[in-house]
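User: I would like to learn how to read features in a structural model. Please take them one at a time, with the general idea before the case.

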Amino acid sequence: MNSIPIRYYDGVRNVAHTAELSYDGEHIAIHYQQQVAYYTLNEVEYIAGVGRVLPALELPNDARVEFLSAELPDWLPLKHQKMLNHVQHFEQSWKWVGIGFVVVALVVVGVLKFGIPFAAYHVAHTLPESTLQKAGDHAESLIKEKIMSPSKLSAQRQQEISALYYQKLNPKNPAKLLFLKGDIFGANALAIPNNTIVLTDELVALAKNDGELIAVLAHEQGHLNEKHSLQQALRAVGVGVLLMVITGESDDLLSNLPIMLVSAQYSQTFELEADRHAIMELKRLNMSPKHLADMLGRLHESHDVRDDNGEQSNNWFGSHPVLQERVKQVEQFK
């Protein structure tokens with residue numbers, strides 16, 4: 001009967017025994033210290049060697065066999081041995097390691113560029129309204145309690161702006177308008193998934209006429225219609241899940257969804273889509289799309305914060321796409 005020398009751990013003590021392994025056609029026999037341990041093939045789990053780590057067998061009751069060579073005899077019919085040996089060969093080949101790295105990189109890029117946006121779009125448009133309402137309510141509470149302060153606008157001015165929205169734009173699913181003081185975030189507007197549009201006092205003060213306010217409101221309505229803030233937050237969750245899969249580090253991603261809804265940085269595609277909605281609304285009202293371009297330029301200037309060296313600092317509005325791209329789109333519809 002053929003046999004090979006091995007190291008054997010009996011599962012009782014963490015001590016390696018010098019042993020001999022043989023196979024009689026039904027059982028694997030391990031001879032050590034004048035004893036014999038028998039195992040069926042179904043009880044044996046083969047572990048291929050990697051790098052300088054030699055192959056091994058995991059056995060019942062924490063017993064283990066360690067081989068003394070990477071080359072195993074042909075007479076030992078271990079399950080999945082050929083497949084795992086191929087994997088071992090690939091792991092030791094720089095060529096296949098390189099190919100594997102390229103394949104993984106392409107998959108990751110594909111998931112980031114196409115998979116996650118596709119999934120985020122469909123999830124955002126199929127979530128129950130109750131879920132959107134709950135997530136949006138949490139985001140709204142976060143804005144009012146942690147980010148912005150109560151509005152200083154007069155009740156009359158708030159009513160005038162509300163009339164512009166409800167009467168002029170006449171949306172199919174009217175949003176709740178929420179007026180707040182932007183504080184450190186300055187002139188801004190936000191669309192929250194619980195069908196709420198936030199306007200800051202600073203933005204109202206920045207607008208030179210009602211046409212510019214209508215343009216901003218129509219833009220935010222475009223975000224609501226397409227559920228852009230939820231899509232952007234879901235994309236962030238998707239990226240987090242992908243990183244978790246790659247790195248093995250987990251986090252309670254969904255619990256951070258309200259924060260993501262508030263801090264979501266719209267992609268250029270989303271901003272241009274919302275701009276197109278605003279342009280179409282302005283044209284429907286026989287108003288010039290120039291109102292939107294003028295407001296975009298003024299918003300950009302109001303958020304162009306620079307440090308002592310004259311370099312542009314990070315700011316809330318900095319997440320918007322290049323101004324020229326957005327203005328160029330407006331120019332096309334004049």
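User: In which loop is Gln-33 found?

Analyst: First, the ground rules. This is a predicted model, in which local features need pLDDT of at least 70 and side-chain atom pairs count only at pLDDT 80 or more, while totals for chains, interfaces and linings use all residues. Residues are numbered from 1 along each chain as its sequence is written, and side-chain values use heavy atoms, with hydrogens and water left out. Helices (H or I, at least four residues) and strands (E, at least two) are DSSP runs, numbered from the N terminus. Gln-33 is found in the loop between strand 3 and strand 4 (35-40). Phi of Gln-33 is near 45°, a positive value in a residue other than glycine.

User: Is Gln-33 buried or exposed?

Analyst: Buried means under 20% relative accessible area, exposed over 50%, and partly exposed in between (1.4 Å probe, protein chains only). Gln-33 has 54% relative accessibility and therefore counts as exposed. Asp-183 also has a positive phi, of about 55°, although it is not a glycine. The loop that holds Asp-183 runs between strand 9 and strand 10 (189-192), and with a relative accessible area of 33% Asp-183 is partly exposed.

User: How do I read aromatic pairs, and how many does a search of the whole structure find?

Analyst: A pair of aromatic rings is described by the distance of the centres and the angle of the planes. Rings of Phe, Tyr and Trp (its six-membered ring) pair if their centres lie within 6.5 Å; planes under 30 degrees apart count as stacked, over 60 as edge-to-face and the rest as tilted. The search finds two aromatic pairs. Tyr-8 and Tyr-32 form a tilted one, with 4.8 Å centre to centre and 55° between the planes. This pair links distant parts of the chain, as Tyr-8 is in strand 1 (residues 3-9) and Tyr-32 in strand 3 (residues 27-32), 24 residues apart. Tyr-8 is buried at a relative accessible area of 2%, and Tyr-32 is buried at 9%.

User: Why is the pair of Tyr-165 and Tyr-166 edge-to-face?

Analyst: The ring centres of Tyr-165 and Tyr-166 are 4.9 Å apart and the planes are at 70°, so the pair is edge-to-face. Tyr-165 is buried, with a relative accessible area of 0%, whereas Tyr-166 counts as partly exposed at 35% relative accessibility.

User: Next, salt bridges. How many does a search of the whole structure find?

Analyst: Side chains of opposite charge can pair when their charged atoms come close. The criterion is a side-chain nitrogen of Lys or Arg within 4 Å of a carboxyl oxygen of Asp or Glu. The search finds 14 salt bridges. One of them joins the side chains of Lys-181 and Glu-202 (3.9 Å, N to O). Lys-181 lies in strand 9 (residues 176-181) and Glu-202 in helix 5 (residues 201-206), so the pair ties together parts that are 21 residues apart in sequence. Lys-181 is partly exposed at 27% relative accessibility, and Glu-202 is partly exposed at 22%.

User: Which helix holds both Arg-284 and Glu-281?

Analyst: Both lie in helix 9 (residues 268-284), three residues apart, about one turn of the helix. Arg-284 and Glu-281 form a salt bridge whose closest N and O atoms are 3.1 Å apart. Arg-284 counts as partly exposed at 44% relative accessibility, while Glu-281 is buried with a relative accessible area of 14%. Salt bridges can also link up: Arg-7, Glu-58, Arg-64 and Glu-66 are in a network of them.

User: How are pockets read, and which helix supplies the largest share of the lining of the second largest pocket?

Analyst: Rolling a probe the size of a water molecule over the atoms shows where empty space is left. On a 1 Å grid over the protein atoms alone, where a 1.4 Å probe fits, a pocket is an open set of points with protein on both sides within 12 Å along at least five of seven lines; lining residues have an atom within 4 Å of a point. Helix 6 supplies the largest share of the lining of the second largest pocket, four residues. The lining has 16 residues, of which Asn-173, Pro-193, Asn-195, Leu-224 and Lys-227 lie nearest the centre of the pocket.
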